[in-house]
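This report describes the architecture of the structure shown below, taking the chains in turn and then the contacts between them.

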Amino acid sequence: MEDLLILISPRILALKNRVNRIEKRFKIVYVVIGGIILWVGISYACIKVLFYFKSIEVIGDLLNYRLLSMILLTFFSLLIISNIITSLSNLYISRDLELLHSMPVSSDKIYVAKAFYTLLDSSWMIAVFGIPVLIAFGWVYKTGALYYFHMLHCIFAFVIISANMGIMVTMILTNLFPAQRTKDILMLLTVIMIASLYLLFRLLRPERLVDPDSFFSIIHYMGALKKTDSPYLPTFWITSILWSLLTNKKGSPFIFNTLMLWSTALALTVINIWLSRWIYFKGYSKAHEAKRRIITGSFINNIIKKLLSPFMSQDLVLMIDKEIRTFFRDNTQWSQLLLLLALIVVYLYNFKVLPLEKAYIRIDILQNEIAFLNLGLSGFVVSAIATRFIYPSISSEGEAFWIIRSSPFSMHRFIWCKYLIYLPFMLILGGILIISTNIILNVSKTLMYSTSITLFFITFSIVAIALRIGAQYPNFRYENIAQISTGIGGLTFMIISVAFITLIMAIEAGPVYILFISEFKDMSISILKWIYIILSFSFVLFLTFFITYRSLKIAILRLERLET
Amino acid sequence: MIELVNLSKSYRNIKAVDKINLRIEDGTIFGFLGPNGAGKTTTIKMMAGVMNPTGGRIILDGIDLMNDPVSAKKIVGYIPDRPFLYERLTGWEFLKLISALYGMNGSTELDKKILRLLNLFEIAEWKDELIESYSHGMKQRLIMCSALIHDPKILIVDEPMVGLDPKAMRLVKEIFRKKAQEGMTLFISTHSLEVAQELCNEVAIIHKGRIVARGTLDDLKRGARLDGTLEDIFLKIIEEEMND
């Protein structure tokens with residue numbers, strides 16, 4: 001036990017040192033306030049939805065039961081995937097492992113310490129998004145303290161089970177696959193699993209459950225609602241425990257399910273520790289043998305080089321070439337493009353299945369309203385992708401950044417190089433999102449042009465802001481590139497980016513409405529309104545150019561003044 | 001004493017280490033030399049217990065590393081070529097952590113010992129600073145402190161002088177000699193033939209995973225029929241091996 005505490009201590013000490021030495025402590029207050037607002041926001045939204053469902057006669061409670069079951073099942077799938085990825089990093093790739101394995105500590109103790117951190121690293125999602133949802137259930141059903149007590153221990157058992165399952169998959173896979181390709185195959189498997197799960201969830205169309213018309217009869221509908229998960233799933237046990245507390249119907253199934261939940265959690269923990277004695281170190285040793293690459297990127301590179309060479313100087317072309325080459329050789333990076341593909345498919349599919357015809361207002365007006373809101377959503381998706389790919393692109397230079405700093409290649413050219421690589425990619429992505437959804441929604445010409453052109457210009461600024469924040473929070477000594485976007489810089493970028501998109505939408509809302517109504521009702525627009533429209537759009541144009549220019553300028557200055 | 005018996009490591013069809021046999025007596029400073037990619041670091045990683053061999057045995061002071069890794073690691077200090085340090089800990093906290101992992105409790109005696117080592121390696125005044133602010137040489141000295149903190153019987157070192165200034169290099173050489181006189185066995189992998197010539201009582205040259213020469217400097221001179229420096233001998237042996 002003492003060894004375990006020692007093995008756990010470095011991160012606690014590091015956190016203590018980090019907090020003690022933070023110069024701008026108000027940043028912590030911002031994060032705490034942001035967290036509380038997020039919690040309250042999620043809880044409030046859930047309470048609204050749950051009250052709405054509850055008010056539906058006959059099926060209200062069934063709907064909420066089904067919702068609880070679906071939420072837990074979704075969390076369960078996400079937690080297992082998250083644990084597979086995190087355990088791979090913590091148990092097999094983490095840079096301190098060589099030091100720890102050279103110490104006189106048995107490998108199963110190292111396993112337990114690293115599994116503990118895997119559980120913590122993977123389960124924060126439950127704390128941020130899961131707890132407020134479950135609190136909302138307690139609030140709506142006016143339960144007592146007992147519900148909250150059981151909620152907490154059930155969540156605890158739930159994360160233990162998912163962590164153990166994810167870790168078990170990683171340990172077995174690391175031992176099964178050929179040594180050199182373990183990391184690659186695991187990463188690819190994980191990405192495919194996430195993409196499949198996400199697609200499966202969307203194609204199941206859970207929204208149908210709130211739409212009785214899509215079933216042949218009310219009996220079919222009730223039957224679909226009452227259909228429970230497999231009784232062998234931990235989510236079934238938790239749903240049953242929490243639901244019996246919410247509806248005040250405790251009995252023998254309650255005790256049975258609690259026992260099932262905790263016995264599974266403890267049994268899986270013991271099995272994994274036992275398994276780790278046999279296969280953990282063997283897998284660790286195999287994972288550190290030479291690595292082979294899967295994708296070379298040479299084909300794409302040759303085309304890009306040929307295309308760019310007539311227009312750019314050789315150093316810029318070669319830097320772009322290097323950027324693309326390293327991206328495609330880093331399996332953790334390129335494999336996320338598959339996720340991106342799944343995200344686009346699901347995004348477009350969501351618009352395809354929108355039940356607009358059931359709405360109480362005119363369908364053409366509603367379609368155009370949604371199209372304008374879609375501008376914000378598409379901007380949000382572009383920002384989210386920029387957080388993952390563009391914001392960490394400066395840090396991704398890693399400890400090799402000194403090569404750029406010590407070379408005559410200026411920071412000005414360096415930032416431009418990054419900008420030129422990511423901008424076309426993001427413009428295409430944004431274009432696909434907004435034009436496809438507009439076509440699906442069959443919007444008016446005014447909306448089609450105004451939203452598409454606005455997103456086009458917004459993208460210029462989003463890419464620039466991502467680089468500016470990336471230059472402000474560079475981390476060249478990262479342990480895992482995926483962790484960079486989850487830090488304070490990533491959060492700052494998302495907040496700034498969303499605020500920027502909201503501002504643009506607020507400026508454009510009035511003029512777009514005037515244009516749409518005039519087209520819709522075939523009315524002419526007064527000169528005063530034309531001036532207002534032109535001024536608004538000119539201001540948007542000015543704002544995007546100003547933000548883009550300033551962001552890139554600051555990014556260059558930050559890097560020039562950077563002391564590595 | 002260190003004993004390597006038919007030690008092997010293969011990656012698919014490549015034999016990184018091919019049936020190495022070595023027996024190194026107590027108090028020896030043993031130099032392990034070879035060109036890039038010869039198998040030095042792989043051998044060292046196996047000896048430190050951070051990589052599994054595919055064949056053979058490693059016996060450290062009579063303890064079989066594969067059968068009883070925890071006991072074997074207790075008597076070994078390991079300095080890797082690219083050491084990892086918890087950058088957000090202070091030097092002092094890092095050494096306390098390492099000593100705890102070696103089962104040394106937080107007594108005042110231990111604190112004195114840590115301070116003595118920090119003074120010996122001339123980094124005591126930085127003990128309360130975060131490791132991320134240390135220079136490369138300071139980090140190297142800190143990792144040496146951590147490897148010596150539990151008075152190991154065997155010290156395994158991969159490239160000991162990387163990042164050290166001449167003064168620190170001299171200091172490290174003196175410490176290594178003193179430790180060997182006290183009975184510690186030092187297994188040093190290095191590219192620096194000057195260091196090996198100056199420091200080691202015995203050397204082995206590894207090429208393509210096999211030991212191609214072994215002995216004292218005089219033994220190697222006789223074997224190579226050459227009366228030059230270790231560098232001349234090394235280059236001649238490697239050239240002969242490549243021609244074969």
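## Chain A

In this predicted model, the secondary structure of chain A consists of 21 helices and zero strands. Of the 564 residues in chain A, 32% count as buried, and among the contacts in this chain between residues at least 6 apart in sequence, 83% join residues that are at least 24 apart.

## The six-stranded sheet of chain B

Chain B contains an open sheet of six strands in the order E6-E7-E8-E3-E9-E10, with mixed pairing. Strand E6 (76–79) and strand E10 (210–215) of chain B stand at its edges, and because each has a single partner strand, one side of each is left without a neighbour in the sheet. Neighbouring strands of this sheet are turned against each other by 15° on average, direction ignored.

Within this sheet, strand E3 (residues 29–33) and strand E8 (residues 185–189) of chain B pair in the parallel sense over four bridges, and the bridge partner of B:Phe30 in E8(B) is B:Phe187. Helix H6 (residues 166–181) of chain B packs on the sheet, where it touches E3, E7 and E8 of chain B, and its direction makes about 145° with that of E8(B). Helix H5 (residues 136–148) of chain B lies across E6 and strand E7 (154–158) of chain B, running at about 165° to E6(B).

## The four-stranded sheet of chain B

An open sheet of four strands, with antiparallel pairing, has the order E2-E1-E4-E5 in chain B. Its edge strands are strand E2 (14–24) and strand E5 (63–64) of chain B, each of which pairs on one side only. Strand E1 (residues 2–11) of chain B runs antiparallel to E2(B) and is joined to it by seven bridges; B:Tyr11 has B:Ile14 as its bridge partner in E2(B).

## Nonpolar cores

The largest nonpolar core has 127 residues, of which A:Cys154, B:Ile156, B:Leu186 and B:Phe187 touch the most other members. Leaving aside neighbours within four places in sequence, B:Leu186 is in contact with B:Ile29, B:Phe30, B:Leu155, B:Val157, B:Phe176, B:Lys179 and B:Ala180. A second, separate core of 37 residues includes A:Leu375, A:Ile501, A:Val540 and A:Leu552.

## Where the chains meet

Between the chains, 24 residues of chain A are in contact with 22 residues of chain B. Helix H1 (2–20), helix H4 (97–101) and helix H10 (252–287) of chain A each supply at least two residues of the side of chain A that touches chain B, and H1(A) gives the most, with seven residues. The residues on this side of chain A divide into 10 nonpolar, seven polar and seven charged.

Terms used
Residues are numbered from 1 along each chain as its sequence is written. Chains are lettered from A and ligands numbered from 1 in the order in which they are written. This is a predicted model: local features need pLDDT of at least 70, side-chain atom pairs count only at pLDDT 80 or more; totals for chains, interfaces and linings use all residues. Two strands pair if DSSP finds at least two bridges between them. A nonpolar core is a set of buried Ala, Val, Leu, Ile, Met, Phe, Trp, Tyr and Cys residues joined through C-beta atoms within 7 Å. A residue is buried if 20 or more other C-beta atoms lie within 10 Å of its own, exposed if 12 or fewer, and partly exposed in between; C-beta atoms are placed from the backbone. Two residues are in contact if their C-beta atoms, placed from the backbone, lie within 7 Å. Ala, Val, Leu, Ile, Met, Phe, Trp, Tyr, Cys and Pro count as nonpolar, Asp, Glu, Lys and Arg as charged, and the others, Gly among them, as polar. Axes are lines fitted to C-alpha atoms, for helices over the stretch in contact, and angles run from 0 to 180 degrees between N-to-C directions.
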